[in-house]
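Please walk me through this structure, one part at a time.

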Amino acid sequence: MFSDIQIDAYFKRLNFKGQVYSSLEFLNELQELHYMNIPYENFDILNGLALSLEPESIYQKIICNHRGGYCFELNGLYFELLTSLGFEVTNHYARFMLNRADLIPARSHRVLKVRCNNYFYIVDVGVYSESSRFALELRENIVQHDGFAWYKFEKSADFGWILLQKRKDTEWERFYSFTEEPYFPSDFKQCSFFYETSSESRFNKNPLAAIRTESGHITIKDTELTITENEKTVISTLRKEEFSKTLSERFHITLERVD
């Protein structure tokens with residue numbers, strides 16, 4: 001559990017200046033601010049630094065050292081915040097299905113289910129690609145919109161809940177799936193170690209970073225910088241000497257090493 005001082009520092013990192021309420025509006029504001037202020041990134045993995053999924057270690061890295069992380073870190077940190085604020089939160093283990101229509105992927109993504117005013121919502125602050133900026137009510141075949149894309153849940157005999165996403169001018173696509181048995185923080189350590197160290201992992205090959213803006217999102221994939229604002233996308237190639245400046249100005253993080 002985080003202390004009041006830690007929660008205040010977390011809110012400062014998010015630029016959250018409102019009041020804490022047990023409401024959907026509060027969850028939506030917090031999730032959107034999380035995506036806009038704390039980036040998805042894999043730079044510790046690239047630099048060969050072993051990740052710790054202990055709450056205090058993640059807090060030190062992301063809140064105190066002003067960094068980002070990937071799903072096991074970001075949703076792990078958010079789990080501790082919501083629990084510390086008094087929400088009932090359950091960890092689930094998802095199969096990430098986007099752009100993998102012909103595969104049955106292994107479980108590799110940490111997602112959170114939150115109970116709020118007797119309804120259940122899926123909250124997630126740990127996705128690289130465009131994903132819901134708001135909490136999504138866990139109810140079948142209800143279309144929900146966050147201002148950028150449409151989402152709905154379906155039930156499957158094989159995969160449990162399946163989250164689908166529809167963006168402008170696209171068809172519905174499977175985003176990820178999960179079943180409702182609870183998982184514990186220690187359950188994610190082995191999978192995270194695999195993605196840190198395995199030759200099959202995409203997280204230890206090339207730089208990845210993503211952050212949302214009010215009108216779009218910004219990503220880095222290897223040396224490719226993609227800036228999408230108001231549905232207009234500009235793609236450029238980052239030179240090595242531009243990398244640190246881009247991370248500081250666009251993603252609000254500073255690294256000791258960028259290889």
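**A guided walk through the model**

Histidine 252 is partly exposed, because its relative accessible area is 39%. Here buried means under 20% relative accessible area, exposed means over 50%, and partly exposed lies in between, with a 1.4 Å probe and protein chains only. Histidine 252 is found in the segment after H7. Although it is not a glycine, histidine 252 has a positive phi of about 60°.

This is a predicted model, in which local features need pLDDT of at least 70, side-chain atom pairs count only at pLDDT 80 or more, and totals for chains, interfaces and linings use all residues. Residues are numbered from 1 along each chain as its sequence is written, and side-chain values use heavy atoms, with hydrogens and water left out.

Asparagine 15 also has a positive phi of about 60°, although it is not a glycine. It sits in the loop between helix H1 (4-14) and helix H2 (24-37). Helices (H or I, at least four residues) and strands (E, at least two) are DSSP runs, numbered from the N terminus. Asparagine 15 is partly exposed, with a relative accessible area of 47%.

Now to the sheets. Eight strands form an open sheet in the order E5-E4-E3-E2-E9-E8-E7-E6, and the pairing is antiparallel. Two strands pair if DSSP finds at least two bridges between them. E5 and strand E6 (144-145) are the edge strands, and each pairs on one side only.

Take strand E2 (residues 88-96) within this sheet. Of its 9 residues, 7 are buried, so the strand is mostly covered. E2 is joined to strand E3 (residues 107-116) by 8 bridges, and the two run antiparallel. There, tyrosine 93 has arginine 110 of E3 as its bridge partner. E2 also pairs with E9, in the antiparallel sense, over 3 bridges. Phenylalanine 96 stands opposite tyrosine 176 in E9. Strand E9 (residues 173-178) pairs in turn with strand E8 (residues 160-167), antiparallel, over 5 bridges. Isoleucine 162 has serine 177 in E9 as its bridge partner. In a regular strand the side chains alternate between the two faces of the sheet.

A second open sheet has 5 strands in the order E1-E10-E11-E12-E13, with antiparallel pairing. Its edge strands are E1 and strand E13 (232-237), each pairing on one side only. Strand E12 (residues 224-229) is joined to E13 by 6 bridges, and they run antiparallel. Threonine 228 has threonine 233 in E13 as its bridge partner. Helix H7 (residues 243-250) lies across strand E10 (208-213), strand E11 (216-221) and E12. H7 runs at about 155° to E11.

How do helices H4 and H5 meet? The axes of helix H4 (residues 55-64) and helix H5 (residues 71-84) come within 10 Å and cross at roughly 105°. Axes are lines fitted to C-alpha atoms, for helices over the stretch in contact, and angles run from 0 to 180 degrees between N-to-C directions. H4 and H5 are therefore roughly perpendicular to each other. Angles under 35 degrees count as roughly parallel, over 145 as roughly antiparallel, 65 to 115 as roughly perpendicular and the rest as oblique. Among the residues that meet are Ile58 and Tyr59 in H4, and Phe72 and Leu77 in H5.

Tyrosine 70 lies in the loop between H4 and H5. It is buried, because its relative accessible area is 1%. Leaving aside neighbours within four places in sequence, tyrosine 70 is in contact (heavy atoms within 4.5 Å) with residues including Tyr40, Leu51, Tyr195 and Phe203.

A search of the whole structure finds 21 aromatic pairs. Tyrosine 40 and tyrosine 128 form one that is edge-to-face, at 5.8 Å centre to centre and 70° between the planes. Rings of Phe, Tyr and Trp (its six-membered ring) pair if their centres lie within 6.5 Å; planes under 30 degrees apart count as stacked, over 60 as edge-to-face and the rest as tilted. Tyrosine 40 and tyrosine 128 are both buried. Ring pairs also link Tyr70, Phe72, Tyr93, Tyr183, Phe188, Phe194, Tyr195 and Phe203 into a cluster.

The charged end of arginine 212 sits over the ring of tyrosine 35, 4.2 Å from its centre. Lysine 155 lies over the face of tryptophan 161, at 4.5 Å from the ring centre. The rule asks for NZ of Lys or CZ of Arg within 6 Å of the ring centre and within 35 degrees of the ring normal.
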